[in-house]
Amino acid sequence: MDTTLRADRRYPLTPHVLPNGLRVLVAPGHDAEVVAVTVAYDVGSRSEPRGFSGFAHLFEHLMFQGSANLPRGAHAHYVQSCGGVFNGTTHLDYTEYFQVLPSSGLEHAVFLEADRMRAPALTSASLANQIDVVAEEITGAIISRPYGGFPWLQLAPLVFDTFENAHNGYGAIDELRTATTDQAQAFFERYYAPGNAVLCLAGDVSAERGIELAERYFSDIAARPVPPRPVIAEPDLTAERRSSYVDALAPLPAFASAWRVPDPAADLRGYLAHLVLCLLLTDTALGRLTRRLVRRDRWLSSVDCSLGLTGEVFGVRDPTCLVLTASPAPDGPGIDAILRAIDEETERLAVEGPDPAELTAATRTISAQLVRTLDGLAGRARHLAVFALQHGDAEVINDLGPLSRAVTAADVRAAAAALRPERRATVELHPGARP
């Protein structure tokens, strides 16, 4: 497969804006009789009120508990009864709801999303029920699980200082249990306005049909003021930060380091250079740290590098980070020696840069990853909606392949030079369980 050509495939987009402010994107693709319907709202954990950590996540759950014309469970029934799948996810900067289903069910899916945008069923019973559900999720995924939430929940308050960036966006059970239906209704009124959302229809649907359905089902939803985005800007670190903690359930140690990276909206090329740098450091075939610290010296049993504290490369606003996560080998040296070795390799890249073959391999790997993401209808619709929110232009998604391959050796050298110790935050996880 020629991933270069496939990644450069341009997805046709027809934008449209309803009078109430809802942005609509239709991306026809008639490869199969399947459609994806996504609604992305410009609200995430960095928007939630102080003292209610995880409220955006909780509210995502509430949006599945019935709506103006449908009882609890009806949304799932309609999607699944025609062979479709659905879900919703909360992120730092947005919340999305999506379904993929046969194109014969398109109108049903558009109605379902409009109905809960119009008036979700925010009752005291559903709120109490979903607080319990989220509490169980937090217990299972974070509290009772080895390495739960690592490294996001531990790194965020180390690399950032403000509540918006540093708090536990997954959820604090004790805070969520104080939530009321009035607060849920206020959150809905503020952030779930049509003008604060993007509807994307992708797949077996024409532009004309998609816009007609959007107008039919969403136009009568009253416009409301669009809330200002939260102020999340923070100055970069000027001195290294370190912390450590004991995970009572973890059998082996781990650590993670983070460095701030360029704004993905204002400096996409610089951001992509850091994505290339990640591959040059820890990719299975290309990674210099993998070759040196895992295979040769055996100081680490594994090492990985990615952009974003939550592993989300695209769809995150500035400030965000490059995150390097590693598992030290039991008989290896201490973390200080490992960090010095990491500094040596990044310094070598900063001075010498990658050779042409390395750079080509890294950018082609990114192209292949884009192919896998955008060839799937769910991934395509979700990314289009999010890029419309984050960049103000979903067409940017069509430029990712060419822009990635346009990253130069000089761009990579500059990215590597930015991974200085004084800009680094590192958290160590010490095991509390026997291996």
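Me: What makes the largest cavity a cavity, and what is its volume?
Reply: The largest cavity has a volume of about 70 Å³. On a 1 Å grid over the protein atoms alone, a cavity is a set of points where a 1.4 Å probe fits but cannot get out, so that's what the label says. The volume is the space filled by probe spheres set on the points, with grid points joined across faces, edges and corners. This is a predicted model, where local features need pLDDT of at least 70 and side-chain atom pairs count only at pLDDT 80 or more, while totals for chains, interfaces and linings use all residues. Residues are numbered from 1 along each chain as its sequence is written, and side-chain values use heavy atoms, with hydrogens and water left out.

Me: Which residues line the largest cavity closest to its centre?
Reply: Lining residues have an atom within 4 Å of a point. There are 13 of them, and Met63, Gly66, Ser67, His75 and Arg116 are the closest to the centre. Helix 3 (74-81) and helix 4 (106-118) are the elements that give two or more residues to this lining, and helix 4 has the largest share with three. Helices here are DSSP runs of H or I with at least four residues, and strands are runs of E with at least two, numbered from the N terminus.

Me: How many cavities does the search find?
Reply: Two of 30 Å³ or more, over the whole structure.

Me: What lines the second largest pocket?
Reply: That pocket, about 410 Å³ in volume, has 19 lining residues, with Thr90, His91, Trp152, Tyr170 and Thr310 nearest its centre. Strand 4 gives the most, three residues.

Me: What makes strand 4 and strand 5 a pair?
Reply: Two strands pair if DSSP finds at least two bridges between them. Strand 4 (residues 85-90) and strand 5 (residues 95-102) are joined by six bridges and run antiparallel, so they qualify. They form a hairpin with four residues between them, and Thr90 stands opposite Thr95.

Me: Why is the 135-residue set called a nonpolar core?
Reply: A nonpolar core is a set of buried (under 20% relative accessible area, 1.4 Å probe, protein chains only) Ala, Val, Leu, Ile, Met, Phe, Trp, Tyr and Cys residues joined through side-chain atoms within 4.5 Å. The largest such core has 135 residues, and Tyr192 and Phe218 have the most contacts inside it. Helix 11 (residues 268-282) supplies the largest share, 11 residues.

Me: What does Phe218 touch?
Reply: Contact means heavy atoms within 4.5 Å. Leaving out residues up to four places away in sequence, Phe218 touches Leu18, Asn20, Leu22, Val110, Glu113, Ala114, Met117 and Leu199.

Definitions and conventions
Buried < 20%, exposed > 50% of the residue type's maximum accessible area, 1.4 Å probe, protein only. 1 Å grid on protein atoms, 1.4 Å probe; cavity = no way out; pocket = protein on both sides within 12 Å on 5 of 7 lines; lining within 4 Å.
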